[in-house]
Amino acid sequence: MVVMKMKFPFQKRVKLAQGLWLLSWCAAISGAITFSLGCILKTELRRRAEVMDNSDIHVVPNTLMIVGLASLGINYFASKICQDALDAGRFPRWKNMLKPYFAVSCFFTVLMLLAVIMSFAMKGSLESSLKVGLRNGIRFYKDTDTPGRCFQKQNIDRLQMDFHCCGNNDFRDWFEVQWISNRYLDFSSKEVKDRIKSNVDGRYLLDGVPFSCCNPSSPRPCIQFQLTNNSAHYNYDYQTEELNIYLRGCREALVHYYMGLMNAIGAGVLSVFLLQASVLVSLRFLQTSMEAVAGNENTEIETEGYLLEKPLKETIMEYIEPVMKFFLLTNQVEEGTPGAPAST
Amino acid sequence: MAVLRLRFTKTKRDKLAQVLWILNWISVVTGVILFSLGLFLKVEINKRGELMAERDIQYVPNMLIAVGIIACAINFLGGKICYDCVDTTKFLRWKLIMLPYIICTFFFTFCVLVGALMCYSMHGELEESLNLGLAEAIRFYKDTDTPGRCFLKRTVDMLHIEFQCCGNNGYKDWFQIQWISNRYLDMSKKEVADRLRSNVEGKYLIDGVPFSCCNINSPRPCIQQQITNNSAHFNYEHQTEELNLWMKGCRQALLEYYTHIMQSIGLTVLITWLFELSVLTGVRYLQTSLENVLRQGDLDSESDGWLLENSFMETARTNLNIIKSLGKSNQIDTQPKA
């Protein structure tokens, strides 16, 4: 039972070939655009790599780049095939290549769809990676003399100023960490000694934040120390003050930024996917309708084109069988049995 | 004696016309580039308009925009003319316009050159404007409740952060003005009252800077208050500390930024000027060679092309006489007609 049979008179075949040639070049350009979108995303992720704990999220731009390059190749061959399709003398040389070509193209097209789905679905992984990365960044803020961590202060300051955020969940994260290094604390001062003694772990904790949390839009000069002490500052109410420092947490800000970027890229790549799929479907119709012409002297007869010769399940089994045979065969050889083919 | 005479065969003339057609279209593109460069400079100057005092610096981007548009128009016309010059019959249409066109384009290239030189001469005016503008902005930093100045604090803070600078000449500018508004000063406190009394004009001056002057490359948390007091902070020496605050003044930072932009633009305009001049030379040769061919009668023969028919001095004298006689035609002829 043939899937999606359609009749193709000669003129329709010619129009299909011409339209397909144009479409495949558009799809090639879209493939190049997909590659560059993948590069842009990767660059943006790498810029803030110091506040990310793992690089699981990089699978999205990597896939986009691979798919973009593959799409260029696929569409280049598609245009070449449809150029030769109308010439009965040149078309037969593609005969042997078409089956693996369609298999590879379908694989990469499905991979493109997977990349789009991943760009929406990997929010949780990104969020947990940022949670751990930011927590470490804040913890090592003061370690500007430790090799490997000396740029954490700079990175966190720049991050907070660029994204208008403060801390991991919010600015209170800075109250729980000692962000002033012992090198700059005067241990002979009574106030410092008291504060360190009052803390269980002997850390110097204060209700203050670094200067990079300050909001330039505030009408008054920035209050960064004694934030929770209303009486320490004139005309200041800690609960109602909203413009003094950034209230948003950096994790939320970064997730929002990256998800916005990935959603936009995902939407673009989805349309590229639809374009690519239509190229493949049209090419398949062209191929099957031209194959029916082969052998006939009159090339202008009406032929039928179809998508799949057998139902979907059987076609998939047909493709997977040689692959399975190959794997089973190698397994059997490894086990020691001398080259006996697996029973199908 | 003609200036720079060259011999042109028919094929050479046709090739010259075709090449000039392409070059004219390239010139249209460079005209668009000039226009967009002028627009870019205008936008950049307006972005920081609050930090610049009233000075005549808008004339540079306006000149570039005007020159860009005129270049597009002139070269579009030039392209049309050169396209028609391949066919000698069509050339007759343009014959009378070509000489005025060449003269106009010649004067226009002077404008392009003036535009390029203006880019380099804007430096002094810009520095003066920035100096006054930044001094004003720093003075009105605290006036976030005054309409018209409420965003100045934000602008100055963002300037410090973006350009990595502090104050007008340096961070010490902040010691000389009151940048904390009276609304946030507790007048009942002894320390505040003392400080106000110790100042002649009753201003609250401190040796501190806003948070935006803090240098993010500093290994220690930012010291913005009591900067000159070494004993107020542990392990701190005011004279040798370089990484705590931004050391550069904002006037110098902005000046460097704008100078860099304008030098790039000036260079581009100079290259455009040279290109326009060469296209003009080609069009002049084309015009003279086609006119000579028409004078000779045989359209397929060789002809001479030149820049000027007579030497430079003679041409200047002839043109001056023409201009003088134009002036004389206004006078009543006093001599009796014979």
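**Exercise 1.** Compare the span of helix H5 (residues 152-163) of chain A with its expected span.

*Solution.* Helices here are DSSP runs of H or I, at least four residues, numbered from the N terminus. H5 of chain A has 12 residues. The expected span is 1.5 Å times one less than the number of residues, here 16 Å. From first C-alpha to last, the helix reaches 16 Å, close to that expectation. His164(A) follows, with a positive phi near 55 degrees.

The model is predicted: local features need pLDDT of at least 70, side-chain atom pairs count only at pLDDT 80 or more, and totals for chains, interfaces and linings use all residues. Residues are numbered from 1 along each chain as its sequence is written, and side-chain values use heavy atoms, without hydrogens and water.

**Exercise 2.** Explain why H5(A) counts as largely enclosed.

*Solution.* Take buried as under 20% relative accessible area (1.4 Å probe, protein chains only). By that cut-off, 10 of the 12 residues of H5(A) are buried, so the rest of the structure largely encloses the helix. Among them are Ile156(A), Leu159(A), Met161(A) and Phe163(A). Next, find the partners. The buried residues pack against helices H4 (123-139) and H7 (250-293) of chain A, together with H5 (152-163) of chain B.

**Exercise 3.** Characterise the interface of chain A and chain B.

*Solution.* Start with contact (heavy atoms within 4.5 Å). Chain A gives 25 residues and chain B gives 25 residues. Next, area: about 2400 Å² is buried, 65% of it from carbon and sulfur atoms. This is the accessible area (1.4 Å probe) lost on putting the two parts together, summed over both. Last, salt bridges (Lys or Arg side-chain nitrogen within 4 Å of an Asp or Glu carboxyl oxygen): the rule finds 0.

Definitions and conventions:
Chains lettered and ligands numbered in written order. Helix = DSSP H or I, 4+ residues; strand = E, 2+ residues; numbered from the N terminus. Buried < 20%, exposed > 50% of the residue type's maximum accessible area, 1.4 Å probe, protein only.
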